[in-house]
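Here are some notes to read with the model open beside you.

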Amino acid sequence: MRALLTAIVLGLAPSALAAQQATLVADSVRIENDRLLVAEGDVQVAYDGQVLNAPRLTYDRQTERIDIDGPITFTEGPGTIILANEAELDRDLRNGILRSARLVLNRQLQLAATQVARVGDRYTQLSNTVTSSCEICAAGGTPTWEIRARKVIHDRQERLIYFDRATFRIFGLPVAYFPRLTLPDPERRRKAGFLIPRLAFNSRLSFGVKQPYFQPLGEHADLTLTGYVSSMTRTLEARYRQTFATGAINVNAALSRDELQPDTDRWYVLARGAFQVPRDFRLEFDIQAASDDSYIFDYDYDFQNTLTSEVRLIRADRDTLLRGRVTQYETLRSAEKRIEDELPSLVTDVVGERRIPVGPGEIRLGFDASMLGRSSDEPGAGRDVVTVGGRAEYLDRRVLGPGLVWNNRARVSGQFYRTEQDPAFATETARIAAAVSTQVSWPLSRTGPGGAHHLIEPVGALTWAEQSAAEVPNEDSVIVEFDEGNLFALSRFPGNDTIETGLRADLALRYTGRFADGKALGLTLGRVLRAEASDEFAPGTGLAGRRSDWLAAGQVDLGGAFGVTSRLLLDDDLGARRSETRATFRAGPLGVTGSYNWLTAEPLENRPDDIEEVELSTRLRVGRHWRVGLNGRYDLTGSDAAEANLALDYATECLRVALQLERIFTDTERIRPSTTFNFGVELVGFGAEATNETYRRTCRG
């Protein structure tokens, strides 16, 4: 029968700490010589959040010391465990010596030492220490990496580990020596200091090394500075992050002096932030700027063709939307640089909408205002436009007779335009537009055996729209898409500067099937028929003429293992004008995503040639520790590869190695073919990131 005694009775804790009673549990407890308390057999002592387990414990009342025979397991809170062969501790377990001990932090980092000294509530000192987060099996073996040190101090309050005369070893071979080294323990989220350097190769910048330095700035901000040095460049990269009570900001920037543009300061800034402001508004901003057209590409920071800086103020709830934004654009495309001053550089717009329930439907009231400016002063090329408009729309939905769904919409809108620096348009112009639509669908549903569900839905809509004949500049409706999302829209133009007019019928047949085994199938076939031929749309959109192209779309989901989404525009001879397909495949450790896109040439949409390309992305976990990724994009029209990327990752419970190889094949005035290579190593176990248990080594024997 196990014996149970409390610290107040046995004196295992100071009387001043009676509120924090210690508990001793053992198979047998006895008193020897009126001063020694001996507990034997599965001994457990719990005191003030600490739990000690051992086969035998002796407490001397006179010296107030506890001698413990091992094997000993000493648990301090949820994240710290000490294993030892023997120990001498004081009565509150705060001070003392543990011999042949091993300290385990957060189930990740292990520190083995000949002796561990506990000093109060804060410090643990280890002598002749080996530190690693790698799994070491009982049969022996050398860990992937380890740090050997003469002395190690673990500061439990600051969550820091101090190493004295430390040697870093890989597979047992010493590769670096540090007279003093400070690292965060696994429960510390942030610590100032140098991070592990990364190797980088860029065919434009040659071989280089990146050395990051991390500096916390208070509890809610930090700064990372990275020096990048190669034979071609001297670069300082910076990342600043800060969170506030109402939002956060993130800034990435770099400053370079290189041989690509000698004696020139090259730089870029990418900043993003979002804040909650009074009256339920949300303030967001994005800032993108660079010193020259090719800097971002040369340094592989962010390959994009347009720099966009924008400030947004948004409030949205169930019935109200308010949004205002100011946007600045800067093109990086070589073909557009020659006409950069003719492209919109600054756009300001304000949009508001209010929903008001009325009977079986609702009324939507909206307004919008915009201002668009170009830097050119040439008539026509430097056109600037100010627009102010408003609209009112009524919508309702009813279910009739045998399950017919009847939807009705009516809209009236007005726009005022002020156009400057373009003699093709009047300086001040007003335009009024109206549209009405009635739509009927008949969903036919059936549930089959096993829970399969089928839904067939024929849909037809009759729409009429007209606008006044005033000529206004078209700034927001140049590029048009025809897909399932706008098949029954009042207008398929994306903006307000022009609308789809005339009398038309929008027709579609939809099918949706969901099956008991998780598979699903969706099909849509539709087209637009007009009373009169339309010349509003460019031929390449599939909407020109009296009859639109056939829109055929489908989705297939085989329970998550395989999925395909495809969309086609087919003329009356079933010739494809546009094709988009995306497929995903998952089977165990393998994941594959592929896409195919084909668009016919359309000069009115700045697409002088056909576009046909395929893109493939694969991810494969090879065994327990290896992951391989391959991405590629190929231009079928020009029979040229556009880009390729190979990623190789190796990970264990204590180490991560990442290798990335990227090749860009694009060859223009601004962009030349280039190859980029990055290599990085991360030691797992320091800092707050948890170990991925799927990588943990398995011991045998």
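1. Start with aromatic pairs: rings of Phe, Tyr and Trp (its six-membered ring) pair if their centres lie within 6.5 Å, with planes under 30 degrees apart counting as stacked, over 60 as edge-to-face and the rest as tilted. By that rule there are 11 aromatic pairs here. Take Tyr299 and Tyr301: their ring centres are 5.8 Å apart and the planes sit at 10°, so this pair is stacked. Both belong to one aromatic cluster, made up of Tyr228, Tyr268, Tyr295, Tyr299 and Tyr301.

2. Before going on, some housekeeping. This is a predicted model, in which local features need pLDDT of at least 70 and side-chain atom pairs count only at pLDDT 80 or more, while totals for chains, interfaces and linings use all residues. Residues are numbered from 1 along each chain as its sequence is written, and side-chain values use heavy atoms, with hydrogens and water left out.

3. Is Tyr299 buried or exposed? The cut-offs are these: buried means under 20% relative accessible area, exposed means over 50%, and partly exposed is in between (1.4 Å probe, protein chains only). Tyr299 has a relative accessible area of 5%, so it is buried.

4. Some rings also have a charge over them, meaning that NZ of Lys or CZ of Arg is within 6 Å of the ring centre and within 35 degrees of the ring normal. Lys210 does this with Tyr228, its charged end being 4.9 Å from the ring centre. Tyr228 is one of the cluster members from point 1. Likewise, the charged end of Arg204 sits over the ring of Phe297, at 4.6 Å from the centre.

5. Now for some strands. Helices (H or I, at least four residues) and strands (E, at least two) are DSSP runs, numbered from the N terminus, and two strands pair if DSSP finds at least two bridges between them. Strand E18 (residues 233–243) pairs with strand E19 (residues 247–258) in the antiparallel sense, over 11 bridges. A hairpin of 3 residues joins E18 to E19, and Thr233 stands opposite Asp258 in E19. E19 also pairs with strand E20 (residues 266–277), again antiparallel, this time over 10 bridges. There, Ser256 has Arg266 in E20 as its bridge partner.

6. How many disulfides does the structure hold? With a disulfide taken as a pair of cysteine sulfur atoms within 2.5 Å, the structure holds 1. Cys134 and Cys654 form it, with their sulfur atoms 2.0 Å apart. The pair links distant parts of the chain, 520 residues apart: Cys134 is in the loop between strand E10 (123–132) and strand E11 (145–155), and Cys654 is in the loop between strand E40 (640–651) and strand E41 (655–664). The torsion about the S-S bond of Cys134 and Cys654 is about 85°, so the disulfide is right-handed. Both Cys134 and Cys654 are buried.

7. On to charges. Side chains of opposite charge can pair when their charged atoms come close. A salt bridge here is a side-chain nitrogen of Lys or Arg within 4 Å of a carboxyl oxygen of Asp or Glu, and the count comes to 59. One of them joins Arg56 to Glu40, with the closest N and O atoms 2.9 Å apart. This pair links distant parts of the chain, 16 residues apart, with Arg56 in strand E5 (residues 50–60) and Glu40 in strand E4 (residues 36–47). Arg56 is partly exposed at 28% relative accessibility, and Glu40 is partly exposed at 26%.

8. Glu64 and Arg91 have their closest N and O atoms 2.7 Å apart. Glu64 lies in the loop between E5 and strand E6 (65–76) and Arg91 in the loop between strand E7 (80–90) and strand E8 (96–105), so the pair ties together parts 27 residues apart in sequence. Glu475 and Arg374 also meet in a salt bridge, at 3.0 Å from N to O. Glu475 lies in the loop between strand E30 (453–467) and strand E31 (502–514) and Arg374 in the loop between strand E25 (361–373) and strand E26 (384–400), so this pair ties together parts 101 residues apart in sequence. Arg374 is buried, with a relative accessible area of 13%.

9. Finally, look for a network of salt bridges that links Arg272, Arg282, Glu284, Asp286, Glu310 and Arg312.
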